[in-house]
Amino acid sequence: KLHSDLDKGVGTVKYTLSGDGAGTVFTIDETTGDIHAIRSLDREEKPFYTLRAQAVDVDTKKPLEPESEFIIKVQDINDNEPRFLDGPYVASVPEMSPVGAYVLQVKATDADDPTYGNSARVVYSILQGQPYFSIDPKTGVIRTALPNMDREVKEQYQVLIQAKDMGGQLGGLAGTTTVNITLTDVNDNPPRFPKSIFHLKVPESSHVGSAIGRIRAVDPDFGKNAEIEYNIVPGDGGNLFDITTDENTQEGVIKLKKPLDFETKKAYTFKVEASNLHLDHRFHSVGPFKDTATVKINVLDMDEPPVFSKPIYTMEVYEDTPVGTIIGAVTAQDLDAGSSSVRYFIDWKNDVDNYFTIDATEGTIATNELLDRESTAQYNFSIIASKVSNPLLTSKVNVIINVLDVNEFPPEISVPYETSVCENAKPGQVIQIITAADKDLSPAGQRFSFKLSSEASNKPNFTVHDYRNNTAGIETRRNGYSRRQQELYFLPIVIEDSSYPVQSSTNTLTIRVCRCDSDGTIQSCNVEAIFLPVGLSTGALIAILLCIVILLVIVVLYVALRRQKKKDTLMTSKEDIRDNVIHYDDEGGGEEDTQAFDIGALRNPKVIEDNKTRRDIKPDTLRFPRHRPPAEDNTDIRDFINQRLKENDADPSAPPYDSLATYAYEGNGSVAESLSSIDSLTTEADQDYDYLSDWGPRFKILADMFGEESYNPDKVT
C-alpha cells in the first residue's frame, strides 16, 4: 500500500505505478494506493521486481512528492522436486570386488531457493537394488554392499535412486533415476574339461599335418580371461600328435605329426592339459588354473598302397655291359591284412627309361641297351608298384643307376700349351708345367706318368721331369739355343694312366725359341728378328744406332757449312769501298810528334772524351789482311782513293803527319752507328764480319768485301 502525507482522503491525490511488471503482473488503486498482483508469481522465473510509485495532484497533474522506488521480493515455496540432469546412469564394477568398492556418484538438482528453508536440501536413497549396492544420502556416491559378487552368477544390475527435498521429511518432493551397473569379468575361474576322456577315431591314411579331432575345455570367464592354451603331456603316443588352439572357438585342434600305421599300432593314449594364458594373482589361492583330460585315439585300418623296402635305390653297372644283364631289384609289400600281390613297372617319362627293363613280378632291373659312361654317367628314373587287388593303390620310388667306367681312353695333355724357351736359357731350367686329362672316370688313386718318347730321349735338347702328382715339368738340357739354327722344337711326350688295361698316348709339345733379356723376360719370338747378330743385347743395339745417328748429323752439318762458305765471295779491290784505316807512306812529323793532331774529332761523337789534348796513335805492326786478287777492271776503288788523297792534300788544315781518318760516319741517326774499327780490341785480321750479311741488301757489298779472302801483298795501298 502506498500513501502520501499530502493525501487528506478527499480524493485530490492520484497514485501511479511504473517499472518491472507494472500493469502486467502488478496493478495499483489510483485513489487508495493499494498494490495488487494480477497473476501468480514464480520465484524460479523471477525472484524480485523493481517498481517506482508517485503521488500526483488530480487537478494540476503535478507530482506532489518525488518519485520513490521499491522492490517486491517473491518468497519461495517448495514447488520444485529434485531432478537428475545426467540420468539415467551406466556404471561398471569388477566382479568379486570387496564391500564398499566405488561404483558411481549421482547428483540431483533442486530449483528451489537453497537459502530459504529446506526446499532445496536433497537426500539420496535406494528404492531398488538392495542389498547389492548402497548410496551415501548426502553425496550420492554408490558403492558395493555385498562381497564376491560373481559375474558368472549375475552380470547386470538395475538400481533405482531417489532424491527427496525438505531433508527427506514428509511433504518433501522427490525425483528418481536409474543406474545400470555391470559386473566386469576377472579371471576367477580356471578352464575345465566337460569330461575326463575324449575318444577319437583316425584313419591310418591320414596325412601328416592334417587335423584329426577337436577337444574343448570350458572357461566361464569372458574375453582374454577365457583364452586357453592346450598342451600334450609327454607320454605314450604323444610324440605322434600335436595340438593347437582355435582362436575363434578356443578349442584344442589335434594334428598328426607322423604317419599312422594300423599294422604297427592300433591305438594311442595321451593326456592334454588346458590352462589360462592370463592369470590374476588375486585368485591364485583358489587353485591351479588348468585342467587335464585323457585322449584315446583308435587307428582305423585302411586299404593302403604297397610299401617299398627302401626310400631310394642306388645301383651300379659297368659300361658296355651286355643287354639283358640284371643289375638289381626293388621290393614292395602290401602291409594290409589281406596281403595282396604287387606288380612293378617303370614310370615312363623320357627316352632314358628305355635303357632298362623291370620284371613286373620279381622287380628285377636289367639293361635294355649298351651303356656308355662318357655319354651318360648316371640314370635316374622312378618305379611304380601297385596292388593286384586294387591297381589304383600305387606307390613310387626313385632308382639311381651309376655307370661305372671301363678304361678305354688314353690320357692326353689337358690344354694346348704355347711353350717357349729363351736363347740364353741355362741347363735344368723349367720352361713349362703340363697336366693330363682322361675321358674315363678315374677311380681314386689313379696317377698319370710322363716320359719322353724313345726317339726324343737321345736328343740333348729337352727332358721331362715327372713330379708324380699328375703334373710334369719340361726342362732344358742345353746351355743356350739359337733361333738362326732352329726356331721350333717338337717334343714327343708319352702319357700313361694307372688303370687296367693301361692306356697311353704320345703328345707332341711345340717349343719356340725366343729372344729374352737377362732376367728371362721374352722380348721377341718373331721370325723376322732372327737376322740380328747373335750375342748382341738390346743395350748394345741401341748404342750402335745412336752412334750412326750422331755421325749422320755431323756429316749434314759439315756439308751445310761448306755450302755456306762457297756462297761467300772473295773481296776484290773493286768491291772494297768500305771506310778503313789507311796508312800513308809520306813523311810527317814523325813518331815523336804526338801533339800535331787530335784524332778525337774524327771519332764517333758518342765516344768523345773530355780530355781534348792531342792523342797521336803509335803505328802498330802492320798486319796485312788477306785479300783475294782484285779483278783487272777494278778501277772504282782506285778512283775513290785518288779522290780522297787529293781532297786531303788540298786541305790546309790537314796535318803533315801520318794520321787516321774516318770517312764513313753516318751520324747519330745511323742504325749501324759507326763502322769504324778504331775501337776494336783486335786487329783487322781477327775481326769476324759475317754479321754484315744480316744487315740487309744495303750492306751486301760490305759483307762481300769483309768476307773470307786471301791476302795479296802486291795490291796493298
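Here is a short chat about how some labels apply to this predicted model.

Me: What should I know before reading the numbers?
Reply: Since it's a predicted model, local features need pLDDT of at least 70, side-chain atom pairs count only at pLDDT 80 or more, and totals for chains, interfaces and linings use all residues. Residues are numbered from 1 along each chain as its sequence is written, and side-chain values use heavy atoms, with hydrogens and water left out.

Me: Why is Ile142 called buried?
Reply: Buried means under 20% relative accessible area, exposed over 50%, and partly exposed in between (1.4 Å probe, protein chains only). Ile142 has a relative accessible area of 0%, so it's buried. Across the protein chain's 717 residues, 34% count as buried.

Me: What is Ile142 in contact with?
Reply: Contact means heavy atoms within 4.5 Å. Leaving aside neighbours within four places in sequence, Ile142 has contacts including Ala101, Val103, Phe133, Ile161 and Ile181. Ile142 itself sits in strand S10 (residues 141-144); strands (E, at least two residues) and helices (H or I, at least four) are DSSP runs, numbered from the N terminus.

Me: Is Thr419 buried or exposed, and how do you know?
Reply: Its relative accessibility is 4%, so Thr419 counts as buried. You'll find Thr419 in strand S30 (residues 419-422).

Me: What makes the Thr419 and Gln432 side chains a polar contact?
Reply: A polar contact is a pair of N or O atoms within 3.5 Å; within protein, one must be able to donate a hydrogen and the other to accept it, and residues adjacent in sequence count only if both atoms are side-chain atoms. The Thr419 and Gln432 side chains make theirs at 3.2 Å.

Me: Why is Ile548 called partly exposed?
Reply: Its value is 45%, so Ile548 falls in the partly exposed class. Ile548 lies in helix H1 (residues 538-567). Together with Ile544, Leu545 and Leu552, Ile548 makes a nonpolar surface patch of about 390 Å².

Me: What makes a set of residues a nonpolar core?
Reply: They must be buried Ala, Val, Leu, Ile, Met, Phe, Trp, Tyr or Cys residues, joined through side-chain atoms within 4.5 Å. The largest such core here has 25 residues, and Phe193, Phe241 and Ile254 are among those with the most contacts inside it. Strand S16 (241-245) and strand S17 (251-256) are among the elements giving two or more residues to this core. A second, separate core of 23 residues includes Phe84, Val122, Met149 and Ile181.

Definitions and conventions
Patch = residues over 30% accessible without salt bridge, like charges linked within 9 Å, V, L, I, M, F, W, Y side chains within 5 Å. Areas by Shrake-Rupley, 256 points an atom, 1.4 Å probe, with all protein chains shown as cover. Salt bridge = Lys/Arg side-chain N within 4 Å of Asp/Glu carboxyl O.
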